[in-house]
Amino acid sequence: MIEPFGNQYVVARRVYSANDFGEEHKKKERRHKTPLDHLKQCCSCSTKKAKRIALSLFPIASWLPAYQIKEWLLSDIVSGISTGLVAVLQGLAFALLVNVPPSYGLYAAFFPVIIYFFLGTSRHISVGPFPVLSMMVGAVVVRVTSKPVQGGNNTSISNDLDSSSDEQKVMVAAMVTILSGIIQLLLGVLQIGFVVIYLSESLISGFTTAAAIHVLVSQLKFILQLTVPAHTDPFSIFKVLESVFTQIQKTNIADLVTALIILVVVSAVKEVNQRFKAKLPVPIPIELIMTVIAAGVSYGFDFKTRFNVAVVGKMNSGFQPPIQPDPKIFQDTIGDSFGIAIVGFAVAFSVARVYSLKYDYPINGNQELIALGLGNIFGGSFRGFASSTALSRSGVQESTGGKTQIAGILSAVIVLIVIVAIGFLLEPLQKSVLAALALGNLKGMLMQFAEIGRLWRKDKYDCLIWIMTFIFAIVLGLGLGLAASVAFQLLTIVFRTQFPKCSTLANVGRSNIYKNRKDYSDMYEPEGIKIFRCPSPIYFANIGFFRQKLFDAVGFSPLRILRKRKKALKKIRKMQKKGLIQVTPKGCICTVDNFKDSDEELDNHEIEELDQPINTTDLPFQIDWNADLPLNIVVPKISLHSLILDFSAVSFLDVSSMRGLKKIFQEFIRIEVDVYIVGTDDDFIEKLTRCEFFDDEVKDSIFFLTIHDAVLHILMKKDYITSKVSTSQEKEAKTDFIVNTNGGLRNRECQVPLETKF
């Protein structure tokens, strides 16, 4: 019964143990589905299910019929044109990161968009080249083309990177893209898109920031027009920097000046776009403007001949036939492809989730994997490279009014026009301009350094993950760095559960609320009761830590106390056998004048015997271990009689921890300390029952619903025992028995303490 009184309430109910509650409130019989049931449901077929599957595989069928032409079409056209122009320039720029001719970046900006239009679930992201993925693919291209590889089509890749043909580099980039697409497709079909949850926001932020540094360093050779050997092994970024600075005197001043001008102007105008985005109808297309100006100036003043600058060169017109797969490259790059697949999906899904929350529509992670995977398979087949979504390009599509993927398909039309018709106009464009445009898109990622301070204030572990991910990706490279970062992140989770912040609780304000006794001043801790809380799962890695923290909280080791008592009991038995302890009608008398006992070394069998329960039923008296014992017998005294374990935050136990936990319980029970567990759910208790956790010592009656239930039960139990002892003492007062209040041994029949004679 609950009675409210203003902002207070009074609850009147009985004290519940788990068993009492189960008897009074019967649980419903529920049948849990087995793996076979799930398989049957998965394989079943119906019209409704077929329609649902069709709509999930082709999301366009759900949103296109509801398309609002009058309200949305104009916005999508403006957004599609703006996004398409940005996609063209980013495709050309990011191709430099892949170490392939710039024209191949247009294929990467075209095919994935077409596939995503039909299969994607996000209405706002712009699919295509992403600098981090391009950098990762480029690292694989450099590694594979710098060693001899025999492909399934009998092609040979040269040892000398400088003499490697562009076709060979394109081949490797395409194979990596196809393989990463296959991996994404399989993950989506198998419905295991949840794998992305192992990449936390802190990890993604630190990784993309490190990737931005890699992009920055890799573009220095185009900005300065230096011949820099490619490196893919750990510490490669430092080797590239060393090579750049040792050749700094060979810098092409024309390329450097052009790149700096482009970078400054683009950065300044982008800042204007950001600051006045509410007032501007569309962002100023500064990248397009500067590209047109740079290409015109380079062509008009013949920069290639006069200043020996590196230009884009011949742009392939139209499309090339699909590429023939090379199984050997698949075999050599499967590990890199898996990392590319995961990072590409993680970035795209993160951006898609932001827009889905903003505009309130659902997205499907598994369907996103299928869309991105097929996009990469088609893109790679036609000589493109891995795609995801660039944050800046998606921002343009959304900020210019894009409502649906109609804007995406229109952006693909712009890219198509460049591929088949006007690509030749970009041939005189300097590569340093593309490098500057690539660097201009890094501001958002480089600004993520501010995350360090924010994470440090909020969560030290997340901050450490960010920093270590950044260091791993910088030092080890993007592929190994990602693997090391995921491993480190999982290690922090293990560390947090392996060393949980256990605490001792006490009552706050004499209510039913129990908090850490170190945090509040008005605390009440019932005498002889210790309440211990563990805030994490208990498993094989932390059971030892749990044991030590528990013993620190109670102030003693129960096993040590038990062994001391067993040794003391052994001496008492010797004294009793020698007649030094005599039971009389008036009590127990002990004479110890001539008793000598020496500590003998114990063998393994005797040590094991010390750990067994204490049995004094063969003695004619009882032993009070917290009272004074005969002359030379000293046993540590403990005031604890009840231990309550708050397991409300313990989500699971494994078999190893069950054994350790049961041993701990037995040690306390054997020294007459009752153990209670509170806050567990029924599944927890059922698992212990299945694993035969309970026996004659550790009973299933130790579970209570709340801490307060357990405390009240203990207090009522002690009140009952106290009243029983008081009644016994009243009877004893009428006899002539000897009473010694300091005695540790009592006549079993008359409950009178032992008197010791010296």
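This note goes through a predicted model point by point, from overall composition to single residues.

1. Basis of the note. The model is predicted, and local features are reported only where pLDDT is at least 70, side-chain atom pairs count only at pLDDT 80 or more, and totals for chains, interfaces and linings use all residues. Residues are numbered from 1 along each chain as its sequence is written, and side-chain values use heavy atoms, with hydrogens and water left out.

2. Overall composition. The protein has 29 helices and 16 strands, where helices (H or I, at least four residues) and strands (E, at least two) are DSSP runs numbered from the N terminus. Of its 758 residues, 47% count as buried; buried means under 20% relative accessible area, exposed means over 50%, and partly exposed lies in between, with a 1.4 Å probe and protein chains only. The accessible surface comes to about 38,500 Å², and carbon and sulfur atoms contribute 60% of that area, as computed by the Shrake-Rupley method with a 1.4 Å probe, where for residues only the protein chains shown count as cover. Among contacts in the protein with a separation of 6 or more, 79% are between residues 24 or more positions apart, a contact being heavy atoms within 4.5 Å.

3. Helices α8 and α15. The axes of α8 (residues 131-145) and α15 (residues 327-359) come within 10 Å and cross at roughly 175°; the axes are lines fitted to C-alpha atoms, for helices over the stretch in contact, and angles run from 0 to 180 degrees between N-to-C directions. The two helices are therefore roughly antiparallel to each other, since angles over 145 degrees count as roughly antiparallel, under 35 as roughly parallel, 65 to 115 as roughly perpendicular and the rest as oblique. On the α8 side the contact is made by Val-132, Leu-133, Met-136, Val-137, Val-140, Arg-143 and Val-144, and on the α15 side by Asp-332, Thr-333, Asp-336, Gly-339, Ile-340, Val-343 and Gly-344. By class, this contact has eight nonpolar, three polar and three charged residues, with Ala, Val, Leu, Ile, Met, Phe, Trp, Tyr, Cys and Pro counted as nonpolar, Asp, Glu, Lys and Arg as charged, and the others, Gly among them, as polar.

4. Strand β5 and its partners. Five of the six residues of β5 (residues 503-508) are buried, so this strand is largely enclosed by the rest of the structure. Strands are taken to pair if DSSP finds at least two bridges between them. With β8 (residues 529-533), β5 pairs in the antiparallel sense over three bridges, and Thr-504 stands opposite Phe-532 there. Three bridges also join β5 to the antiparallel strand β6 (residues 514-516), where Leu-505 faces Asn-516. These two strands, β5 and β6, form a hairpin with five residues between them, and Gly-509 in the turn has a positive phi of about 65°. A further antiparallel pairing, over two bridges, links β5 to β7 (residues 523-524), in which Tyr-524 is the bridge partner of Asn-507.

5. Ile-529 in β8. This residue lies in strand β8 and is buried, with a relative accessible area of 3%. Leaving aside residues up to four places away in sequence, Ile-529 touches Leu-640, His-641, Ser-642, Ile-644, Ile-714 and Leu-715. The C-alpha atoms of Ile-529 and Val-711 are 7.9 Å apart, although 182 residues separate the two along the chain.

6. Strands β12 and β13. Four of the five residues of β13 (residues 674-678) are buried, so β13 is largely enclosed by the rest of the structure. The pairing of β12 (residues 642-646) with β13 is parallel and runs over five bridges, with Val-675 of β13 as the bridge partner of Leu-643.

7. Most residues other than glycine have a negative phi. Phe-235, in the loop between α10 (201-224) and α11 (236-246), has a positive phi near 70° and is partly exposed at 46% relative accessible area. Arg-383, in the loop between α16 (365-381) and β4 (388-389), likewise has a positive phi, of about 75°, but is buried, with a relative accessible area of 18%. Gln-324, in the loop between α14 (303-306) and α15, counts as exposed at 51% relative accessibility, and its C-alpha atom is separated by 9.8 Å from that of Phe-382, 58 residues away along the chain.
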